[in-house]
Amino acid sequence: MIIKHQKGRGTKIHILLDDEYTVTTDENFWFDNYIPDGTEITDEEWNELLVKINYKKALNKCADLLSRRDHSVKELKAKLLRTVDEVSAQRAVDRYVEAGYLNDERYCERLVEYLFETKKYSPANVRQECFKRGIDREIIDRVMSEYDVDTVSSIVDLLNTKYRSKLLQEDGFKKVIASLQRKGFRYSDIKSACDSVAEYDE
C-alpha cells in the first residue's frame, strides 16, 4: 500500500492509502509519526499506525470533553465509543484515571453537592442522577451518607422560587405537592415545608 497525506482544515491531516481517503489525524501526531508521501507500507505497519492514530484521537476527545465539564468514567467512555474503537477508548480512559483527571468519587461529590445545593433535588433524584451517569452504587452510598442535607429547607426554597407563582393558582398547593412527590420528595417533608410557608387545605 502507498501512503500519502493531505492538509485539511485547521490542524487536520487526512491520510490516504493507494489514493483513497482512510482516516484523519492532526498535525502534531503527523509531525511525530511522519511518513513521506509515496512510501510503501505493509498491512502490519499500517495497523500499528492506525492504533496510534485512534489512541491519539481518543486522548484528544477526552481532553475536549473534560474541558467542558466533569464526567464519570462510564459516561466519558460511552462518548468516546461514538468516534473510536473499544481498545482506544479504554486506553484513553485508563490514562486519564491514572493521571488523576478522571475520578468517579470526586465527580460524585461535586455532582451531589450541585444537585442538592443548586438544583434543590430530592435525595431520591440525586441518587437517580448519579446512577444515570454510571457511578458505582458503593461510591454513591458513601458520598451521600456523608452529605447532610435539610430536605425541608430545600423544599421551602423551591416553594419560594420555582413554585411561587403556581401556589397562587387554583388548587395550587395540591398541584405543587404532586409535582414535588414526582421529584422524589417524601410527603411528610413536603407537608412540613408547606406548613412553614402558608396554611393550606390537605
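Among contacts in this chain between residues at least 6 apart in sequence, 53% join residues at least 24 apart, where contact means heavy atoms within 4.5 Å. The model is predicted, so to speak of local features a pLDDT of at least 70 is needed, side-chain atom pairs count only at pLDDT 80 or more, and totals for chains, interfaces and linings use all residues. Residues are numbered from 1 along each chain as its sequence is written, and side-chain values use heavy atoms, with hydrogens and water left out.

**The whole chain**

- You can find 11 helices and 4 strands in the chain; helices (H or I, at least four residues) and strands (E, at least two) are DSSP runs, numbered from the N terminus.
- The chain has a radius of gyration of 26 Å, well over the 17 Å that the globule rule gives for 202 residues, so it is more spread out than a compact globule.
- That radius is taken over C-alpha atoms, and the globule rule is 2.2 Å times the number of residues to the power 0.38.
- Taken along the principal axes, the box filled by the C-alpha atoms is roughly 85 × 35 × 20 Å.
- Of the 202 residues, 38% count as buried; buried means under 20% relative accessible area, exposed over 50%, and partly exposed in between (1.4 Å probe, protein chains only).

**The largest pocket**

- Rolling a probe the size of a water molecule over the atoms shows where empty space is left.
- A pocket is an open set of points on a 1 Å grid over the protein atoms alone, where a 1.4 Å probe fits and protein lies on both sides within 12 Å along at least five of seven lines; lining residues have an atom within 4 Å of a point.
- The largest pocket holds about 300 Å³ of space; grid points are joined across faces, edges and corners, and a volume is the space filled by probe spheres set on the points.
- Strand S3 (20–26) and helix H2 (43–68) each supply at least two residues of its lining, and H2 gives the largest share, 5 residues.
- The lining includes Arg-9, Lys-12, Thr-25, Asp-26, Ile-53, Lys-57 and Asp-64.
- By type, the lining residues divide into 1 nonpolar, 5 polar and 6 charged; Ala, Val, Leu, Ile, Met, Phe, Trp, Tyr, Cys and Pro count as nonpolar, Asp, Glu, Lys and Arg as charged, and the others, Gly among them, as polar.

- Not counting residues up to four places away in sequence, Cys-108 touches Cys-130, Ile-135, Ile-139, Ile-140 and Val-143.
- Cys-108 and Cys-130 are 22 residues apart along the chain, and their C-alpha atoms are separated by 7.0 Å.
- Phe-131 sits in helix H6 (residues 123–132) and counts as partly exposed, at 33% relative accessibility.
- Leaving aside neighbours within four places in sequence, Phe-131 is in contact with Arg-137 and Ile-140.

- Val-87, in helix H4 (residues 86–99), is exposed, with a relative accessible area of 55%.
- The C-alpha atoms of Val-87 and Asn-54 are separated by 9.1 Å, with the two residues 33 apart along the chain.
- Leu-180 belongs to helix H10 (residues 172–182) and is buried, with a relative accessible area of 0%.
- Apart from residues up to four places away in sequence, Leu-180 touches Ile-155, Leu-158, Leu-159, Tyr-163, Phe-185 and Ile-190.
- Between the C-alpha atoms of Leu-180 and Ile-53, which are 127 residues apart along the chain, the separation is 49 Å.

- Most residues other than glycine have a negative phi.
- Asp-18 is not a glycine, yet has a positive phi of about 50 degrees.
- You will find Asp-18 in the loop between strand S2 (12–17) and S3, partly exposed at 44% relative accessibility.
- Lys-120 lies in the loop between H5 and H6, and its phi is also positive, near 60 degrees.
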